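Welcome, and thank you for opening the viewer. Let's take a walk through this model together, one selection at a time.

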Amino acid sequence: METLMSAVGPRGPAPAKRAAEVDFRSGTALEQLSAQVLELVQLEQCEFGDQTALEVHTAKDFIFNMLGLVQKVDQRLPVSNEYLLLSGGAREGVLDLNPEELGDYAKGVDFDLDFTLLVPAIKLHDRNQPITLDMRQSAPCHSWLSLRLCDPAMLARWRTCCEDEAQGSPNGDGRENGDIGNGGHDGGVGGGGGVPRGALQSLQSSPQSLDGCYFSPTLVTDWFWEVVGVAVEELKRNPQRGIPVPDRVERNGPVTTLVLTAGTSRVLYDLLPVVSFRGWPAVAQGWLTTNHFWDGKITEEEAISGFYLLPCCSPRGGRPDREWRLAFSRSEVQLKKCVPYPAAQAFQAAKAVLSRLLSRPRTGLSLYHLRALLFWACDRLPAAYLGCPDRETPARLLLGLLDDLAHCILGKNCPNYFLPQCNMLEHLTDGAALLAARKLAHLRSDPAEHLRAALEQARQASRLKKEAAGMAGAANGHGGGGGGAGTCQSPGSPGGAAGLSPQDDRLAQRLQQLVTENPGKSISVFLNPDDVTRPHFRIDDKFF
């Protein structure tokens, strides 16, 4: 009877439809903001088509042919070297570099795709124990590199890039006034020969004789800029079919920037000479004893497989001729794989809106600080929250990252994720912090409008790329004697991807497949200077 009565009785009220979630600060509907985030991510991660894969392959070939030539002629780089290729240029926050030195390049105007390549000048390996660096005279996260870590053969090769602290130099930094960080865009080949100012004339291999002797980052970057320029000029004199040459070769602080035109794509490479270590620094041992968001997702061996020293001094009056900056790029590539997808989307959208805000004037803030905040947020917040499938999640996380950054700027405090004792914003002046906080508050008051501007910029870049491809296709069709817009270039065409051999074509298709199947993973390239035509890729721990 009760069942019958319930069947014929009045129905209860229908569940109320959930009200749209709105951002308290700006009044923006989060679902609408999330839709903008997703559109922006899709635009910036456009399909890596066959043509683009071929063009990226030809640009990559030039870079490694050039480095192979440097190895054969100069003979200082390690014979069996391992390069770390990062997706995104130095201005995209892939490295912790001083942003004032990196130059101005706009996607869609100056380049279509950008990469950063870490080039180990010296490789040092662990001995199953934490690596102790000489950090006594430098700011946190920086170190001097004592020659006592180097073997005699290495010392002989790098004598001209070493300095004796007792010897000194006229300016205390081993250089003439105004040489460092000039962002010189002259595109020329570095000149000058002989022994640089402040370089050691002779070296003894005994540990006692090496006390007070250090590997100089400024001399290394000077050397690298010069040898890259010489190698580029040599390749220009002897062009190879299907291999482009750079339109621009420019120095931006410690970074050597090349922009190559490969078919319809302009590919920017930021090259940085580094010191590569296998193992883990003793100063970062505490990071291994705390809980992290990546626990159980990757092994500790993957997370701490190595680190680098970058030729970059502390912005708080550090010595550019002595100080190297610790970088954990190999670890960061592994950790990015563990970031929940909505958080990764929010991070990409935050980078797009902040890159405009931080570009002028540059106040010592970089997108690398945002990357550190992302990792800290992943440690602090539950994985279920960061990976929530709700449509509003990307918007919530985007606003959270912006709020985190505002808090760090006002407090002038942003701890390095691997070395929390290092405050990466300690150098900010009160005026610079206040200016950045005001600009960020303006962005935060209407994030949808700033996302719309970033979306329009991405659409414009995409249109320019398609127009360039269309013009190139039409030109090829006209030159081919009646062929259609998609007609391939002749085999002798020097700059086109279509001039590749069948073997190169197969390799480019393989590269495209690897990129598509392994987003965000560490791509290392092993180069044999005696045969640079045989590339060896390593994606994380897989070899190809």
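The expected span of a helix is 1.5 Å times one less than its number of residues. Helices (H or I, at least four residues) and strands (E, at least two) are DSSP runs, numbered from the N terminus. What you see is a predicted model, in which local features need pLDDT of at least 70 and side-chain atom pairs count only at pLDDT 80 or more, while totals for chains, interfaces and linings use all residues. Residues are numbered from 1 along each chain as its sequence is written, and side-chain values use heavy atoms, with hydrogens and water left out.

**The whole chain**

Start with everything shown. The secondary structure of the protein chain comes to 14 helices and 13 strands. Of its 544 residues, 51% count as buried; here buried means under 20% relative accessible area, exposed means over 50%, and partly exposed is in between (1.4 Å probe, protein chains only). Contact means heavy atoms within 4.5 Å. Among contacts between residues at least 6 apart in sequence, 78% join residues at least 24 apart.

**Helix 11 and the residue after it**

Select residues 393-411, which form helix 11. At 1.5 Å a residue, its 19 residues should span 27 Å, and the end C-alpha atoms are 27 Å apart, so the two values agree. Colour its buried residues next; among them are Thr393, Pro394, Leu401, Leu405, Cys408 and Ile409.

Lys412 sits in the loop between helix 11 and helix 12 (430-445). Its phi is near 50°, a positive value in a residue other than glycine. Most residues other than glycine have a negative phi. Lys412 counts as partly exposed because its relative accessibility is 25%.

**Helix 2 and its two partners**

Two packed helices are described by the angle between their axes and the distance between the axes. Axes are lines fitted to C-alpha atoms, for helices over the stretch in contact, and angles run from 0 to 180 degrees between N-to-C directions.

On the helix 2 side, show Leu30, Leu33, Ser34 and Val37; they meet Thr393, Pro394, Ala395, Arg396, Leu398 and Leu399 in helix 11. By class, this contact has seven nonpolar, two polar and one charged residues. Ala, Val, Leu, Ile, Met, Phe, Trp, Tyr, Cys and Pro count as nonpolar, Asp, Glu, Lys and Arg as charged, and the others, Gly among them, as polar.

Next, bring in helix 8 (residues 341-359), which packs with helix 2 (residues 30-44) at an angle of about 80°, the axes being 9 Å apart. Helix 2 is therefore roughly perpendicular to helix 8. Here Val37, Leu38, Leu40, Val41 and Glu44 in helix 2 meet Tyr341, Gln345, Gln348, Ala349 and Ala352 in helix 8.

Where does helix 8 bend? Look at Val353, where the bend is about 30°; the bend at a residue is the angle between axes fitted to the seven residues ending there and the seven starting there. Helix 8 is mostly covered, with 14 of its 19 residues buried.

**Helix 3**

Select residues 50-74 for helix 3. Its 25 residues should span 36 Å at 1.5 Å a residue, which agrees with the 36 Å between its end C-alpha atoms. Of those 25 residues, 19 are buried. Just after helix 3 comes Gln75, with a positive phi of about 60°.

Zoom to Phe111, in the loop between strand 1 (81-87) and strand 2 (113-124). Is Phe111 buried or exposed? Phe111 counts as buried, at 5% relative accessibility. Beyond its neighbours within four places in sequence, Phe111 is in contact with Tyr105, Ala106, Arg266 and Leu268. Thr261 is 150 residues away from Phe111 in sequence and 8.7 Å away in space, C-alpha to C-alpha.

Move on to Cys141, in the loop between strand 2 and strand 3 (142-143). Cys141 is buried, with a relative accessible area of 3%, and its phi is near 75°.

Finish at Ser331 in helix 7 (residues 329-336). Ser331 counts as buried at 0% relative accessibility. Not counting residues up to four places away in sequence, Ser331 touches Trp280, Ala303, Ile304, Gly306 and Phe418.

Definitions and conventions. Parallel < 35°, antiparallel > 145°, perpendicular 65-115°, else oblique.
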